[in-house]
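My entries follow the display.

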Amino acid sequence: MKPVGPIPAGYAAIDGDLAIGGRRVSELVAEAGRTPLFVYSRSHLDARVAELRAALPKRIGLNYAVKANPHLAVIGHMAPLVDGFDIASSGELGLCVAVGIDPERISFAGPGKRDDELEAAIAVGVTLNCESEGEAARALAIGQRLGKRPRIAIRVNPSFTMTGSGMKMGGGAKQFGVDAERVPALARAMIAQGAEWRGLHIFTGSQTLSADAIIEAQGKVLDLAAELAEVIGHGLPKLNMGGGLGIPYFPGDIPVDLPRVGAALAERVAHLPPVLADTELCMELGRYLVGEAGVYLTRIIDRKVSHGVTYLITDGGLHHQLAASGNFGTVVRRNYPSAIATCYGAEPTEEVNIVGCLCTPLDRLADNAAMPHAEVGDMVAVFCAGAYGATASPSAFLGHGPAAEILV
Ligand SMILES: *Cc1c(COP(=O)(O)O)cnc(C)c1O
C-alpha cells in the first residue's frame with residue numbers, strides 16, 4: 001500500500017459526492033457535459049490571495065505567473081485580486097489582453113522572445129524582463145522602429161539558487177537572465193539608449209516548502225538588488241523578487257509557513273537600504289496561487305484484475321496530468337492527493353492502481369492506493385490540479401484531446 005498526498009483544505013462531501021465550491025461533482029460534470037474535467041474553485045483562489053495579503057507586508061505587490069494556469073476564466077478572476085501579471089509568451093499576452101488587463105500591469109519574461117513577441121509587447125507598453133544583451137538590443141531596435149520607448153527591466157541570473165527548490169532557476173550557467181556581474185553595464189547602456197528603466201527581476205526557484213529557504217533567498221535577492229542598483233546609479237523603480245512558494249503534493253509534505261515568511265520579509269522591508277527606499281517590490285507566484293484551487297475529474301471506464309492487482313482505468317491520464325503521473329521532473333514516482341469523487345469521504349476498503357487510458361505504462365494516476373470500492377461510472381478526483389495541469393501536459397498525445405475546464 002502506498003499513501004496518497006494530502007488533500008488540500010476546503011473540499012467537502014455532500015451526500016457522498018465530492019463538493020467543489022459548494023457544488024457536487026456529478027452536477028459539475030453534468031453541466032460541463034463530459035469528463036475529463038478540470039474544475040477551478042473561485043473560493044480557493046480568493047482564500048489564497050487573502051492569506052497572502054494578510055501575511056505579507058503591504059509594500060509587497062502580488063503578481064500572478066500566468067503559465068501556471070492560463071485558463072481565461074482563471075486569469076479573469078485573478079485580474080482584480082492581484083497587482084500584476086507575469087507572462088512568458090505573446091500567446092499569454094493575448095489572453096491577458098482578452099480579459100481586459102491593462103498592459104502596464106504586465107511583465108514579460110522568457111529566454112527566447114521572438115521579434116514579433118517583443119513588438120507585440122512594446123507596442124502596448126508591457127515591461128520586458130530582458131534575458132540577454134542580444135534581446136535588449138533587439139528590443140531597442142524594435143522600439144525605435146515603432147516609435148515607442150520600450151519599458152525594460154533586466155532579469156538577473158544570480159550566483160545563488162533557492163535551496164531545496166523543486167526547480168532550480170538560478171546559480172551558475174543558466175539560459176535565464178543576465179549574469180549578475182554584467183547587469184550594471186547592460187542597464188546603463190539601455191538607459192543611455194532611451195529605454196524606460198523599470199528595474200530588476202530575480203527569480204531563484206520554484207516549489208519550495210521551506211520557509212527558511214524562502215527567507216534566505218529573499219534576503220539575498222534584496223541584497224543583490226541593492227548592490228546592483230548602487231552600481232547602475234539610476235535608482236530602482238521596481239524589483240520583482242521572484243516567488244517559489246510551493247504546495248504540498250506528497251505524503252509528508254508540510255505547507256509553507258507563510259506567516260513566518262511574511263514576518264521575516266516585513267523585518268527586511270522595514271530596514272531597506274536607501275537605494276531601495278522608493279522601489280516598488282513584488283513577488284510573482286503561479287502554483288501557490290492556483291495549484292490547490294484545481295481538481296481533475298476523470299471517470300472510471302473499466303475495472304479489471306491482473307495477477308491479483310485491481311486496476312481502475314479512467315478516461316483521463318497523463319495527457320492532462322503529466323505531473324501527477326510522475327513524468328514531469330520527478331525522480332521517484334509518488335501519489336498525488338486523489339480520491340474516489342463519487343464516494344468521497346468513505347472508508348477505504350481495497351487497494352487499487354488508478355491508471356489513465358493511454359497505451360503506455362507511464363500513464364498512472366495512483367499506485368497501490370487505498371480507496372473505497374469504485375465501479376465503472378464512478379469518478380476519480382486528482383487534487384492540486386490547478387497549476388501545470390491542462391496546459392503543461394501533452395494533450396495531443398494519443399488523440400484523446402484536451403480536458404474540459406470550468407471555474408466555479
Ligand atoms: C514559472 C515561473 C514562475 C511561477 O513559478 P511557480 O512555481 O508556479 O510559482 C514565476 N516566475 C518565473 C520567471 C517563472 O518562470
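**Notebook: a helix and some rings**

I started with the buried residues of H2, which pack against strand E5 (60-65), helix H3 (72-78), helix H9 (258-270), strand E15 (280-285), helix H10 (287-290) and strand E22 (404-407). Contact here means heavy atoms within 4.5 Å. Helices (H or I, at least four residues) and strands (E, at least two) are DSSP runs, numbered from the N terminus.

I noted that this is a predicted model, where local features need pLDDT of at least 70 and side-chain atom pairs count only at pLDDT 80 or more, while totals for chains, interfaces and linings use all residues. Residues are numbered from 1 along each chain as its sequence is written, and side-chain values use heavy atoms, with hydrogens and water left out.

**Helix H2**

I looked up the length: H2 (residues 42-55) has 14 residues and reaches 20 Å from its first C-alpha to its last, close to the 20 Å expected at 1.5 Å a residue. The expected span is 1.5 Å times one less than the number of residues.

Which residues of H2 are buried? I found His-44, Leu-45, Arg-48, Val-49, Leu-52 and Ala-55. They lie on the same side of H2, because they cover an arc of only 135° around the axis. The arc is taken from the directions from the helix axis to the C-beta atoms. Buried means under 20% relative accessible area, exposed over 50%, and partly exposed in between (1.4 Å probe, protein chains only).

I also saw that Arg-48 lies over the face of Tyr-288, at 4.1 Å from the ring centre. The rule asks for NZ of Lys or CZ of Arg within 6 Å of the ring centre and within 35 degrees of the ring normal.

**Aromatic pairs**

Rings of Phe, Tyr and Trp (its six-membered ring) pair if their centres lie within 6.5 Å; planes under 30 degrees apart count as stacked, over 60 as edge-to-face and the rest as tilted. By this rule I have eight aromatic pairs. Phe-38 and Tyr-296 are tilted, because their ring centres are 4.9 Å apart and their planes are at 45°. This pair links distant parts of the chain, with Phe-38 in strand E4 (residues 37-40) and Tyr-296 in strand E16 (residues 294-306), 258 residues apart. Phe-38 counts as buried at 0% relative accessibility, and Tyr-296 is buried with a relative accessible area of 0%.

I then checked Tyr-344 and Phe-383, a tilted pair at 6.1 Å centre to centre with 40° between the planes. Both are buried. Ring pairs link Tyr-11, Tyr-344 and Phe-383 into a cluster.
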